[in-house]
Amino acid sequence: MEVLGIAFLFLSFSVIVIYLLIMILSTLEMRDHRRKNRFADYQDIITSPIAPGVSILAPAYNEGESIVQNVKSLLSLHYGKFEVVVINDGSKDETLAKMINSFELEITDFAYYAEIPAQPVRGIYKSKNRSYNRLIVIDKENGGKADALNAGINVSSKEILACIDVDCILSHESITRMVRPFMEETHRKVIAVGGVIGIANNCDVQDGTVTKYRVPSTLLGRFQVIEYCRAFLMGRMAWKRLNGLMLISGAFGFFNRELVVEVGGYFPKTVGEDMELVVRMRRYMEERKIPYKVSFVPDPLCWTEVPEQEAVLSRQRNRWMRGTIESLQLHRATRLNPNYGIMGMVSYPYWSVFEKMAPVLELLGLIYTMVIVIIGDFSAFYFIAIFIVFYLLSILVSSFSILFEQVSYNSYKDKKDLNKLILTILLEPILIHPKIVYWGLGGHWDFIKGKGGWGQMIRTGFKKSDDKKNMDHDTLNS
Amino acid sequence: MAVRTIVVFVFLLFLLSKASIVLGQDEKIFPDSTSFVDFLISQGEIPGLQFQLVNSSGQLLIDSTGETGSLAEFSAAHTLKNTIYQPDSVTSTIQYLIFSEPYTFEATQEYVSNLLRNGDIELLGNEIWNGKDLISLASKEIYTPLLSGNYFSYFADLKIFIVALTISLFLVFAVLMIVFMLVFKARRNHNEKLKALYDQYIVGPLSEILFEKTLEELESLSDEELFKNFPEKQLKKAVFEQVLVERIIALNKKMKGDFKLKLKALYKRLDLHTVSIKKLNSSKWANVVIGLVEINEMDLTEGLSEVKKHVNSPNFHIRSQAVATTLNLSDSVDLSFLRDQTFPLSRWQQMNYLRIIKFLNSSRELHINTLFSSENQSIRLFGYKLVRVLGLVDLLEELEEKFAAVSDEEKIEIIKAFEYLGVPAQSSMLNDSMRSDNVKLVTIAGKAAGAIGDDSNAKIIYEILETSPVFGLQLVLLRSLQNLNAGLYNQFITKDSDSDLQRINAHLLDPLLQDV
């Protein structure tokens, strides 16, 4: 019991120290980012012949209601060299028909070559209308988001891949800003760049940009605003500073195409395909000792509607947890392995303990507390002290992330919105956090049951980064 | 979900209630006979309990002194048994008397346990029993506060000290971080308000000077007149100075001709140029870059020597801006300073320099070919890109001469320049490249051959196609062959019924896929 107590105490201190470090690192990184931005002229990139081409890959499944509007929004982005590849992933609604009608599409004799294995392609469409010359539509059998992206990669022709959710709202400046890190580095190859996902619920959207920010009307929605600020503005900025980013959101991430193809594209048998790809790309670079960087742009460039219903959110969190477990499981060869640099020695252990195991450890902590209450070895002092520390830590980190957002971008200008966010910060540890833990545990349970994943393969893991590439088509599609 | 929560909650309550039941049950105070005997020895007298020695048939024994009877303490009976009666000569046992009546060992143990449970006797010895019933004993204790003496004695416990210290440090840090952010936000808001206010002050006088004064009048403006528009007191304020600089630079970007000259004259008359040049010596890189931007925007040639000191700065941003400013301000742009740069040139820097060089190229002799002889490959590559983008056809011959001796990466860039400018290259240049082991080089050369190649290139393409190259390369080569020699193309397509080949053929013939 004594040993367990010390272990939990050590873990608690680690959490505090790590959060404080994250706060400091993210502040330094944001300061540098804002300084750099003062001198950047993004207009040049739009027309420069030196700027890289970008293929926007947007998988669509049953998006009939909004697909036309979303694709038009993508086609109107301000950039010189880009193409939009929409992948209809076997939709059962009118997604394809609506695109054919609206964009005057015709089936082509495109010589499709599955450099990365994917479900069969039924047809590739281009528009007769020159106004839609940048648009390519792929119609394929359903295979999930990762599989659809792989088909898109096979068709894409530009140097950079922008993998997005088709229902995301992208700022006109999104490509120019996201491409910059790829162009800036001199000594390292930038393999991927992540972007912030803003929350569009309850906001005014005009011409593809959020013009007026308002916090969502529900507690769950507002909680996600805080959570997104914590994750994107603080967490990822801190990891960027250490060059330890392991996750780029699947809703808005830019990748070096050549490298994505080299490592074999997305792995369709995991629900955490976004994280898995980044980890595999990093492994590839580490195994070949090529200097590289995974970058991140904190500017608000992409927005999405987040789920405000408990049932939908619980499924999302369950999926995220499974994705994390699967990605870590697949790449456990990197764990505490100095050959994998920061990723092996810092990022992987952090993700294992503080992301993957967080709900399990919290549950164990609860059980431990109950046991010591029952056997009478309970100290009210320690219990209250630890409880206060964690409640304050939660409030501190959340408040800091909101202040961070206010200082950096000041999106929520209305004081009423800020007050609502502060109230949410106070309530979150009591009302919402237990649910998040519960949903996370559900993810663990579903992983153990083998739900959705690829049992044996994920348990065995990749011995090398190119294991995925060497898997044959039939195995991947089994 | 609600049902599940209720079920979990009820289950937890059930567990807790069961725990209290378990704790409330009577437990054996003496786990075994030895602990009971140890207890009797250490406890001494116990109310109502006495001991006497009897033989195996239950008769009372008399010692050597002739004394017998009951003994109040177990230890006395035990000693008597061991010392007076020799174990070998007489078999004796200790009989337990409760209120003078004999009882068994178990009954006596139960009697003593009850006395302890009820608090009728107090424990004198050490913990010889199982220690589960301390609460009844604790209830007899007089309350004394844990914090006896001063408050600091509380922290003498190391664990409490560590926890308390952590909480304190954490709280202090947390409060400091939040206060810092709040102060920062307040200062920023204050600065923004101040800037908006100063901006209003500045707009009027600035417009007046620009529209009402000639360039000569502006250059000979007296201090008195100057300070009338821009009060000396305000000019000493850093924020005012910053707003003035930003406003003048913003106008300078939008204005043309005479107005631009007037703005530059005013900038100098207000002595803002010395402020900009001073920034180049700042220890903060951001300030140095701001200074460089200001010098660049306002064409402050007097700062050029200071600017040149930064062209090889290890800081990426300073270096980029210093090179851009040097390119922009130098009368005779000698690109040798760029050629001699040791730092690799990023695409971001190339893009910025290209914009300036493109602008200067129409009015000045830049000698782009200086860059071809750089030791730094990224600079040489930039030079080749400049040839392509600026359409410097006259330099292609020089590139062709260098071609055989350069790396594959440079060959790719040189071929791109020839293809982009539509200038046919020597057949050997493309042919040798198409025979390379480097797929990238073969692809670029094959693609260029389609635009600027000849029959010799077509033959090589045909030969490569017969070796069944990878799909992507096959597509590129077939497209080029189609452009170069339609007959040869058809010959190749018709002689092989390979499905990939036929799909590529269909692709190349599809009018919707001309640029895909």
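This is a predicted model: local features need pLDDT of at least 70, side-chain atom pairs count only at pLDDT 80 or more; totals for chains, interfaces and linings use all residues.
Okay, so, chain A and its annotations.

What does the chain look like over residues 357-375 of chain A? There, 89% is helix and 0% is strand, with 26 Å between the end C-alpha atoms. Residues 381-404 of chain A are 100% helix and 0% strand, and their end C-alpha atoms lie 33 Å apart.

Staying on chain A for a moment, let's follow some strands. Strand S3, residues 105-107, and strand S4, residues 121-127, run antiparallel in chain A and are joined by three bridges. Within that pairing, A:Glu106 sits opposite A:Lys126 of S4(A). S4(A) is also paired with strand S5 of chain A, residues 135-140, again in the antiparallel sense, over five bridges. And here's our lysine again: A:Lys126 has A:Ile136 as its bridge partner in S5(A).

Now over to chain B, where there's an open sheet to look at. Three strands of chain B make it up, in the order S1-S2-S3, with antiparallel pairing. Which strands are at the edges? Those are S1, residues 49-55, and S3, residues 101-103, of chain B, and each one pairs on one side only. Ignoring direction, neighbouring strands of this sheet are turned by 45 degrees against each other on average.

Zooming in, strand S2 of chain B, residues 92-98, pairs with S3(B) over three bridges, antiparallel. B:Leu97 is found opposite B:Pro102 of S3(B). Then there are helices on the sheet. Helix H3 of chain B, residues 74-83, packs there and touches S1 and S2 of chain B, with its direction at about 15 degrees to that of S1(B). Helix H4 of chain B, residues 105-117, packs on the sheet too, touching S1, S2 and S3 of chain B, and the direction of H4(B) makes about 40 degrees with that of S2(B).

Next, a pair of helices in chain B. Helix H17, residues 347-361, packs against helix H18, residues 377-390, at an angle of about 50 degrees, and their axes are 11 Å apart. So H17(B) counts as oblique to H18(B). The crossing of H17(B) past H18(B) is right-handed. On the H17(B) side you've got B:Gln350, B:Leu354, B:Ile357, B:Lys358 and B:Asn361, and these meet B:Phe382, B:Lys385, B:Leu386, B:Val389 and B:Leu390 of H18(B). By type, the contact residues are six nonpolar, two polar and two charged.

Last stop: where the chains touch. Chain B puts 44 residues into the contact and chain A puts in 40. Several helices of chain B supply at least two residues each, among them H17 and H18, plus H13 (285-297) and H24 (471-484). Which helix gives the largest share of chain B's side? That's H6(B), with 14 residues. Chain B's side of the contact has 30 nonpolar, seven polar and seven charged residues.

Notes: Residues are numbered from 1 along each chain as its sequence is written. Chains are lettered from A and ligands numbered from 1 in the order in which they are written. Axes are lines fitted to C-alpha atoms, for helices over the stretch in contact, and angles run from 0 to 180 degrees between N-to-C directions. Helices (H or I, at least four residues) and strands (E, at least two) are DSSP runs, numbered from the N terminus. Angles under 35 degrees count as roughly parallel, over 145 as roughly antiparallel, 65 to 115 as roughly perpendicular and the rest as oblique. A crossing is left-handed if the near helix is turned anticlockwise from the far one by less than a right angle, and right-handed if clockwise. Two residues are in contact if their C-beta atoms, placed from the backbone, lie within 7 Å. Ala, Val, Leu, Ile, Met, Phe, Trp, Tyr, Cys and Pro count as nonpolar, Asp, Glu, Lys and Arg as charged, and the others, Gly among them, as polar. Two strands pair if DSSP finds at least two bridges between them.
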